[in-house]
Amino acid sequence: MKVDILYFAWVRERVGLSQESYQTSAATVADLIAELVTRDEGYAAAFADLSAICVAVDQELSDFAAPLADCREVAFFPPMTGG
Amino acid sequence: MSARVQEAAFDAAAEAAAFQSAVTQSGAVVSFTGVVRDDTGSLDYMFIEHYPGMTLAALEKFADQARVKFGLEKVLVIHRYGRLQSGEAIMMVVTAARHRKDAFAGADYLMDYLKSRAPFWKKEVSQGSATWVAAKDQDEAALAEWSPNSAAKES
């Protein structure tokens, strides 16, 4: 399956991309992260501390156990700092 | 439409006045404006990144939640992104309710959600070096107090 992966703030800076289309068979968000961190040092650095990573699946805040079946867009970012 | 996400500056006083003039059944209007702060006197600018596909829908959802939870007649949320200078308004929340407690609580609730659940990220650029603002534990704790299992803030 092909998913669009988006990165924001320092996650984006460490990965070195704001968005990519990615072919994966990962069943969950956690599985997807496990694939990504093996790709290069940037991904490994971005996902080194998972307690500092938030995820949205199809633009809804989600968690690492969330299934990816039929999902189109996954976004990774640090804890939000609005307001 | 009760939320706006924009790069351009807004006039908080004019927004509050327009909001109030459209209110018909409320005896209380509360407005809060968040302003870029320069604690060290060395801030070049603040940069706010956001998630364009998600931000507006998230703000609309929080506004709706606040409207229902506190019986608000009207809600407005404005949040900016992009490059902001010290002293500029970042965001604004306005609530209208029959009585002040609900108007204040609705604004407070919205602020807690905007701080920790709206997809914005602040970066401070000072003397050429950039630092992402870290999320605060106290903001997360404030949000948790609105959950049904918490006795705090519910009177």
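Two strands count as paired if DSSP finds at least two bridges between them; helices (H or I, at least four residues) and strands (E, at least two) are themselves DSSP runs, numbered from the N terminus. The structure is a predicted model, so local features need pLDDT of at least 70 and side-chain atom pairs count only at pLDDT 80 or more, while totals for chains, interfaces and linings use all residues. Residues are numbered from 1 along each chain as its sequence is written, with chains lettered from A and ligands numbered from 1 in the order in which they are written.

Chain A comes to 3 helices and 5 strands, and reads β-α-β-α-α-β-β-β along its sequence. Its 5 strands make up an open, mixed sheet, ordered β2-β1-β5-β3-β4. At the edges stand β2 (19–23) and β4 (60–62) of chain A, each with a single partner strand, so one side of each has no neighbour in the sheet. From one strand to the next the twist averages 30°; angles here run from 0 to 180 degrees between N-to-C directions, and axes are lines fitted to C-alpha atoms, for helices over the stretch in contact. Strand β1 (residues 2–7) of chain A runs antiparallel to β2(A), and 5 bridges join the two. Asp4(A), for its part, sits opposite Ser21(A) in β2(A).

As for overall dimensions, the C-alpha atoms of chain A fill a box of roughly 30 × 30 × 20 Å along the principal axes. The radius of gyration of chain A is 12 Å, which agrees with the value near 12 Å for a compact globule with 83 residues. That radius is taken over C-alpha atoms, and the globule rule is 2.2 Å times the number of residues to the power 0.38.

Turning to the interface, 14 residues of chain A are in contact with 21 residues of chain B (C-beta atoms, placed from the backbone, within 7 Å). On the chain A side, the elements giving two or more residues are α1 (9–15) and β5 (73–77). That side has 10 nonpolar, 4 polar and no charged residues; Ala, Val, Leu, Ile, Met, Phe, Trp, Tyr, Cys and Pro count as nonpolar, Asp, Glu, Lys and Arg as charged, and the others, Gly among them, as polar.

Within chain B, helix α3 (residues 100–117) packs against helix α4 (residues 137–144) at an angle of about 130°, with axes 9 Å apart. The contact involves Asp112(B), Tyr113(B), Lys115(B) and Ser116(B) of α3(B), along with Asp139(B), Glu140(B), Ala142(B) and Leu143(B) of α4(B). By class, that contact has 3 nonpolar, 1 polar and 4 charged residues.

Methods
Contact = placed C-beta atoms within 7 Å.
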